[in-house]
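The following note is intended for a colleague who is meeting this structure for the first time. It takes up the packing of selected helices and then the surroundings of the ligand.

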Amino acid sequence: MRRSFVCGNWKMYKTPSEARVLARDIARGLRGDDGRVEVAVCPPFPAIAAVAESLRESPVAWGGQNCAPQLEGAYTGETSAAMLVDLGCTYAILGHSERRQFFAETDSTVHEKLEAVLGCGLTPILCVGETLEEREADRTSEVVGRQLRGALAGLPGPEIARSVIAYEPVWAIGTGRTATPDMAEAMHREIRELLATMIGEDGAEAVRILYGGSVKPGNAADLFSQPNIDGGLIGGASLTASDFLAIVRAGCSTE
Ligand code: PGA
């Protein structure tokens, strides 16, 4: 049985002071929560320490939105997996479409980052998803399959089994256009079937596959009630405590 997981991706929003307050409000809102849904937030790097302070006594985990493939060295501007571990991070988002689009990340860079993150004991949240053009050309399966194989090929089965995958159709991110629950479920099932060919049925059944792309309080329950949708990666709606908490509760109601 997979535990539902709702993770906030704060992108390049919130200064450390603002992030401290948002994290505190989320932690307060979850007080007395039964813990059925795992909750995490991924603030910008400079805000992680402040968020960690706000969340220390809470069940909410935190993570980075990216990570260098190198373990350390003369790489100006980069942040290593060991640094994230030292800040108490549990997760690192990797291969987000904005990283692929604006920072030229390829499947092979994402693969190297996965190795670095897994090697430090962090849990990667590997993002995959097709653009509108690719969907309209009927290339969704091919693109998502290539992204998954490119990122995961050669990694040990147990490492893949403890990873989280986020299916985020690029055309649904920040646009208010969400995949219908049926559309999303079809891709999630396909992703799980592909994982089964790589690591076997049992391993694939253990992997949590999140949906991301304009998840809001109003559509979360329908998405999360699908059998292969194990929660969500939330952008815009994770920047307001009340919306984020409502999405977490939508996860609880589908258990
Ligand atoms: P969104 O972003 O919820 O604002 O669409 C999701 C994401 O980019 O992870």
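**Helix packing and ligand contacts**

1. H1 passes H11 in a right-handed crossing; a crossing is right-handed if the near helix is turned clockwise from the far one by less than a right angle, and left-handed if anticlockwise. Helices here are DSSP runs (H or I, at least four residues), numbered from the N terminus. H1 covers residues 16–29 and H11 covers residues 241–253.

2. The model is predicted, so local features need pLDDT of at least 70 and side-chain atom pairs count only at pLDDT 80 or more, while totals for chains, interfaces and linings use all residues. Residues are numbered from 1 along each chain as its sequence is written, and side-chain values use heavy atoms, with hydrogens and water left out.

3. Two packed helices are described by the angle between their axes and the distance between the axes. The axes of H1 and H11 come within 9 Å and cross at roughly 40°; axes are lines fitted to C-alpha atoms over the stretch in contact, and angles run from 0 to 180 degrees between N-to-C directions. H1 and H11 are therefore oblique to each other, a term for angles that are not under 35 degrees (roughly parallel), over 145 (roughly antiparallel) or 65 to 115 (roughly perpendicular).

4. Which residues bring H1 and H11 together? Leu22, Asp25, Ile26 and Gly29 of H1 meet Ala241, Phe244, Leu245 and Arg249 of H11, where contact means heavy atoms within 4.5 Å. By class, this contact has five nonpolar, one polar and two charged residues.

5. Helix H5 (residues 107–119) and helix H7 (residues 140–152) have axes that come within 7 Å and cross at roughly 45°. The crossing of H5 with H7 is right-handed. Asp107, Val110, His111 and Leu114 of H5 make the contact with Arg146, Gln147, Gly150, Ala151 and Leu152 of H7. Four of these residues are nonpolar, three polar and two charged.

6. H7 also packs with helix H9 (residues 181–206), their axes coming within 11 Å and crossing at roughly 40°. That makes H7 oblique to H9, and their crossing is right-handed. Among the residues in contact are Val144 and Leu148 of H7 and Ile191 and Leu194 of H9. The contact of H7 with H9 divides into eight nonpolar, three polar and two charged residues.

7. The ligand is surrounded by 13 residues (a heavy atom within 4 Å of it), the closest being Lys11, His96, Glu168, Gly174 and Ser214. Polar contacts are pairs of N or O atoms within 3.5 Å. A backbone N or O atom of glycine 235 lies 2.9 Å from an oxygen atom of the ligand, and a polar backbone atom of glycine 236 is 2.8 Å from a ligand oxygen atom.

Technical notes. Helix = DSSP H or I, 4+ residues; strand = E, 2+ residues; numbered from the N terminus. Nonpolar A, V, L, I, M, F, W, Y, C, P; charged D, E, K, R; others polar. Polar contact = N/O pair within 3.5 Å; in protein donor to acceptor, adjacent residues only side chain to side chain.
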